[in-house]
Amino acid sequence: MSGQSTTARGQQSLINLPENPVVYLAVLAALVSAGIHLFLAPRVMGFSQTTGILFYLNGLGFLGGIGLLLSRYWRRELYLVAAVYALATIVAFFAMGGRVGTMSIAAKVAEAVVVLVAGYLYVSETPS
C-alpha cells in the first residue's frame, strides 16, 4: 500500500506517501468536501450554531482522515472507515434537510467519490 520511508538514523518516518495513484483522487475529493464545509461553517453559524459546529467538525474530520492516510499509521481497514464517514455525511445532509445548491452538490459528489474510491482501494489492496 505505502512506501516505507526511513530517516537517516533508520527510523521510520511519520509521513508515508501512498504508492497507488488512485489514493490521491480520494485525497482531492476529501479536500474539496473539507474546504466546502470549512468555508460554509461561519455562514451556517449565523442561523444554526449546532449545524455550524457540525460543518466545522466535518471539515476537520476529512482533514484528519487525510492526515492519517498520509501517515505510517494508515491500515487497509481504515478505507472502510473513510467510506462510512463520507457516506454518513451524505446521509446526514438529506436527513437534516440540507439545502440543495452548487456547494452542497459539489460536496456530495466529492463525498461519493471518497466512498467509491475508498471501497475500491479496500477491495484492491492485499491484506498485510
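**View 1. The lining of the second largest pocket comprises 15 nonpolar, 2 polar and no charged residues.** Here Ala, Val, Leu, Ile, Met, Phe, Trp, Tyr, Cys and Pro count as nonpolar, Asp, Glu, Lys and Arg as charged, and the others, Gly among them, as polar. The model is predicted: local features need pLDDT of at least 70, side-chain atom pairs count only at pLDDT 80 or more, and totals for chains, interfaces and linings use all residues. Residues are numbered from 1 along each chain as its sequence is written, and side-chain values use heavy atoms, with hydrogens and water left out. Phe62, Gly65, Ile66, Trp74 and Ala82 lie nearest the centre of this pocket, and α2 gives the largest share of its lining, 6 residues. A pocket is an open set of points on a 1 Å grid over the protein atoms alone, where a 1.4 Å probe fits, with protein on both sides within 12 Å along at least five of seven lines; lining residues have an atom within 4 Å of a point. Helices are DSSP runs (H or I, at least four residues), numbered from the N terminus.

**View 2. The largest pocket is lined by 27 residues.** Val44, Thr51, Phe55, Phe93 and Gly98 are the closest to its centre. At least two lining residues come from each of α1 (22-45), α2 (49-69), α3 (78-95) and α4 (102-124). The lining holds 14 nonpolar, 10 polar and 3 charged residues.

**View 3. Arginine 76 lies in the loop between α2 and α3.** The side chain of arginine 76 reaches two backbone oxygens, that of tyrosine 122 at 2.9 Å and that of glutamate 125 at 3.0 Å.

Note on methods: A polar contact is a pair of N or O atoms within 3.5 Å; within protein, one must be able to donate a hydrogen and the other to accept it, and residues adjacent in sequence count only if both atoms are side-chain atoms.
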